[in-house]
Amino acid sequence: MKARIVWLILCGIWGSTWLFIKIGLTDLPPFTFAGIRFLLASMILTLMVIVRRAPWPRTRREWGLIAVVGVLQFALNYGLVFWGEQYISSGLAAVLQSTFPVFGLVIAHFYLSQERMTIAKVAGVSLGVFGVAVIFSDQLTIAGNIALLGSIALVASAFFGSYSNVLVKAYGTKIDPQVFAAGQMVFGFVPLLAIGIFVEGNPLRFNWTAKAIVCLLYLVVVGSVLAFALYYWLVGKMAVTKTMLIALVTPVVAVILGIVILHERLNWRLLAGGACIISGIALIVLQKQRRRVVRALRRNSRANEGAPLSQ
């Protein structure tokens, strides 16, 4: 029961971060906003690592991996998320970023021998790509070139984020997750702040309204530190395939919050494109779950065949 509650909380947190990013962007510029978020989050996580006395990486290879993954996940992924969401709705941003697992499947095929492409995976990827195309056509005709660029930025962010996840799974499983997250954020916020200060100016001169501060603190404490802690607790209590289902719920929560709180419009192309993307992810996740069940049944069958008959 506790695991299900945490699962629901994570769906709510990751579905709501899009809303707080959108609101915060009305007062703060994107790159510095993202950079400060991960500067503060990395400080909190580093303190938690020190208190836990978790082991830090000792080799150049491990630090090199953390640096590469940090740039991909936090500098490129989140930099594009914050920049792109200036020009599109929070719900649309969440739907486009939900292509994360679609890119991950294609990239994982080249890095992970156990994650080869199958017919079901190809079908899921195709559905996701078709959904993105439907949404893109809408953005160009209704909102113009800048909204199309914002949409492209969100899809590109999903690519970089999924690439980083595959690299972690392929080479970083022996590094403590909290250490990995803290290190990634450090290597991510540095280029974000460097670009932000150069392009957007002195952060002390920004429009630091109460609304902007609340959004920043929510993204740091709830959207980064708390969500990270809950997710890794959940991974140890729940099957991975079930945790992956969060990716199906998050965009739905984000769209609903955007409509209710920000009065964002919902049109048929966003509905159709989002349905294709989520269906593609569902096809991928459910196929993975079915394959795990089949493998477990086969192992049990072989074990039973080799067991002695009971008296």
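The mean pLDDT of the protein is 82, and 82% of its residues reach 70 or more. Among the elements of the protein, helix H3, covering residues 60-84, has the highest mean pLDDT, at 95, while helix H12, covering residues 268-306, has the lowest, at 61. Over residues 300-311 the pLDDT is below 50, and beyond near neighbours in sequence this stretch makes zero contacts in the model. Where pLDDT is low, the predicted coordinates should not be read in detail.

The buried residues of H2 are Pro30, Thr32, Phe33, Ala34, Gly35, Ile36, Arg37, Phe38, Ala41, Ser42, Leu45 and Val49. An α-helix has 3.6 residues a turn, so residues three or four places apart point the same way. With that in mind, the reader can trace Phe38, Ala41, Ser42, Leu45 and Val49, which are among the buried residues of H2. After the helix comes Arg53, whose phi is positive, near 60°.

Helix H11, residues 246-262, can be read in a similar way. Its 17 residues should span 24 Å at 1.5 Å a residue, and the 23 Å between its end C-alpha atoms agrees with that expectation. Ile246, Leu248, Thr250, Pro251, Ala254, Val255 and Gly258 are buried in H11, and the helix is followed by His263, whose phi is positive, near 55°.

The structure holds two salt bridges. Side chains of opposite charge can pair when their charged atoms come close. In one of these bridges, the side chains of Asp176 and Arg52 meet at 3.0 Å, N to O. Because Asp176 lies in the loop between helix H7 (145-171) and helix H8 (177-200), whereas Arg52 belongs to helix H2, the pair ties together parts that are 124 residues apart in sequence. Asp176 is buried, with a relative accessible area of 17%, whereas Arg52 is partly exposed at 45% relative accessibility.

The side chains of Lys211 and Asp27 also meet in a salt bridge, at 3.7 Å, N to O. This pair links distant parts of the chain, 184 residues apart, with Lys211 in helix H9 (residues 210-237) and Asp27 in the loop between helix H1 (2-24) and helix H2 (30-52). Lys211 is partly exposed, with a relative accessible area of 41%, while Asp27 counts as buried at 16% relative accessibility.

Turning to the aromatic rings, a search of the whole structure finds twelve aromatic pairs. One of them joins Phe206 and Trp208 in a tilted arrangement, with 6.5 Å from centre to centre and 35° between the planes. Elsewhere, Phe103, Phe159, Phe160 and Tyr163 form one aromatic cluster.

The cysteines complete this tour. A disulfide is a covalent bond between the sulfur atoms of two cysteines, and a search of the whole structure finds zero disulfides. Cys11 counts as buried, because its relative accessibility of 2% falls under the 20% cut-off, and Cys215, at 3% relative accessibility, counts as buried too.

Terms used: Residues numbered from 1 in each chain as written. Predicted model: local features only at pLDDT ≥ 70, side-chain atom pairs only at ≥ 80, totals over all residues. Heavy atoms only, no water. Phe/Tyr/Trp six-rings, centres within 6.5 Å; stacked < 30°, edge-to-face > 60°. Helix = DSSP H or I, 4+ residues; strand = E, 2+ residues; numbered from the N terminus. Expected span 1.5 Å × (residues − 1). Buried < 20%, exposed > 50% of the residue type's maximum accessible area, 1.4 Å probe, protein only. pLDDT = per-residue confidence, 0-100. Contact = heavy atoms within 4.5 Å. Salt bridge = Lys/Arg side-chain N within 4 Å of Asp/Glu carboxyl O. Disulfide = S-S within 2.5 Å.
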